Amino acid sequence: LDYAKSAVRTPFVDRLFDLGIFISDIPHRSAILDAWNESAGQRGCSFDALHVDLTTACPLSCPQCYRAGAGNVSMDLSRFSSLVEEAGALRIFQIALGGGEPMAYPQLVDAVRIVTDTEMAVTVTTSGGGMDEAALDRPREAGIRHVQISPTAADE
């Protein structure tokens, strides 16, 4: 919203341009302001992201993990699809996929495609443990453009 009002480019706004989400200044600033004004009139706020834990599974055993002992539970893909549909109706900007370890979610590529078939952005936060570039090939082909690495296990 600050960018829409002032045109001051921040690293986040620059990233949106780099990703091709924004392609020119003026139309996007106007669209952001229009969306903000519309949502503020309806809800009094707007939402940036929906964080979804796809699974509790994780190959690491980080001592500070809030998921320790949670077992191996994964979200049903149809439930995830419903959440994405609801997020779209709320005009949420991005779906942030996490877990446990989202790279351990057997239907990660399908989940990414569900989001990329909408106007929302999708991100994945992973520990990066055991991951190499080949592990990102299928999610990349499905449309993932932003991966956050959370190096939580210092001794791994």
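Helix 5 (residues 108–116) lies across strand 1, strand 2 and strand 3, and runs at about 150° to strand 3. Helices (H or I, at least four residues) and strands (E, at least two) are DSSP runs, numbered from the N terminus. Axes are lines fitted to C-alpha atoms, for helices over the stretch in contact, and angles run from 0 to 180 degrees between N-to-C directions. The model is predicted: local features need pLDDT of at least 70 and side-chain atom pairs count only at pLDDT 80 or more, while totals for chains, interfaces and linings use all residues. Residues are numbered from 1 along each chain as its sequence is written, and side-chain values use heavy atoms, with hydrogens and water left out.

The open sheet has 4 strands in the order 1-2-3-4, with parallel pairing, where two strands pair if DSSP finds at least two bridges between them. Strand 1 (49–55) and strand 4 (146–149) are the edge strands, each pairing on one side only. On average, neighbouring strands of this sheet are turned by 25° against each other, direction ignored.

Strand 2 and strand 3 (residues 121–126) pair in the parallel sense over 4 bridges. Gln94 belongs to strand 2 (residues 94–99), and its bridge partner in strand 3 is Ala121. Leaving aside neighbours within four places in sequence, Gln94 is in contact (heavy atoms within 4.5 Å) with Asp48, Ala49, Leu50, Ala121 and Thr123. Gln94 is buried, with a relative accessible area of 16%; buried means under 20% relative accessible area, exposed over 50%, and partly exposed in between (1.4 Å probe, protein chains only).
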